Amino acid sequence: IENNVDQPTYTTSQNKMADENTSLLNPTKQKIPSAPSPRNNKAVIAGFVILLSSLGWISQIDSSKNTSIEFASTDADYCIETSAPVLGGYDVVAYFSLGKDDDAVLGSEDHIYQFNGYDFYFSSVENLAKFKASPKSYTPRFGSFCSYGISSEDFWTWDNVKRFGPMADPNTWLIHDNELYLFMYEVPKRKFLVGNVAERISRGIEVWESFTSGEGAKYFNTQCLWWDDECGREGKYCVSDYEADVDSENDLAKLMTF
């Protein structure tokens, strides 16, 4: 295990966006797989359940739709614990060579690099070397949490982020201007890309730096991951539902082109 400590310099911009809808669309259709494997871990969402309840959504969770929930540790820092690898052990360098629709690549304990106290797993010696040479070029924005949640959802606080999200699916990702962004599922990703993306990113940076007291590169999502093969993929019902709700033809056209 190699070690390195570094801190990025970020700029802040405009106030946090207040008029976006939550990305947690149609929670009755969300499925949390029960198989505890790297590809299909149970999402651990105790605080998320509390959030859904406060929003009046928890009553909509329907066992007939095969939705399952497991209550998590009461640890206030559960999502950012350094005892687990960043992003559940997925190789952050590998994203930069994937095709647009490719799934993430799982790293290995045989290729570990420690950055700011966190273990990053890699799928090859070559990818480890690339990260070692320039960690900030590969670390995901907003600590590997859902980029739309951090940049556009007003209800998140730092205490809530550390405990239960906004979660990220390692297989729902975007490379934009040579930066890696993760998302909970496909709908938040599409909403992130509508409108002024640069402005949204600037707002997300401002929020993330505020949450972390200007030390955003010292915190990473290790355990708050979301897996849902029934929703969030191209052509699945949640995407179709969202597209049906898009009022602007221009927005819809943009959604279909990325």
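I count rings of Phe, Tyr and Trp (its six-membered ring) as a pair if their centres lie within 6.5 Å. Planes under 30 degrees apart are stacked, those over 60 are edge-to-face, and the rest are tilted. The model is predicted.

Entry 1. I searched the whole structure and got 19 aromatic pairs.

Entry 2. I looked up Phe96 and Tyr138. Their ring centres are 5.2 Å apart. The planes stand at 90°, so I log the pair as edge-to-face.

Where do Phe96 and Tyr138 lie? Phe96 is in the loop between α1 (46–54) and β2 (108–115). Tyr138 is in the loop between α2 (125–133) and α3 (147–152). The pair therefore ties together parts 42 residues apart in sequence.

Is Phe96 buried or partly exposed? Phe96 has a relative accessible area of 29%, so I note it as partly exposed. Tyr138 comes out at 16% relative accessibility and counts as buried, because the cut-off for buried is under 20%.

Entry 3. I moved on to Tyr113 and Phe131. This aromatic pair is edge-to-face too, with 5.7 Å centre to centre and 70° between the planes. Tyr113 belongs to strand β2 and Phe131 to helix α2. The two are 18 residues apart, and the pair links distant parts of the chain.

Tyr113 is buried at 3% relative accessibility. Phe131 is buried at 0%.

Entry 4. Which residues share an aromatic cluster with Tyr113 and Phe131? I find Phe115, Tyr118, Phe120, Phe122 and Phe220 in one cluster with them.

Terms used: Residues are numbered from 1 along each chain as its sequence is written. This is a predicted model: local features need pLDDT of at least 70, side-chain atom pairs count only at pLDDT 80 or more; totals for chains, interfaces and linings use all residues. Side-chain values use heavy atoms; hydrogens and water are left out. Helices (H or I, at least four residues) and strands (E, at least two) are DSSP runs, numbered from the N terminus. Buried means under 20% relative accessible area, exposed over 50%, partly exposed in between (1.4 Å probe, protein chains only).
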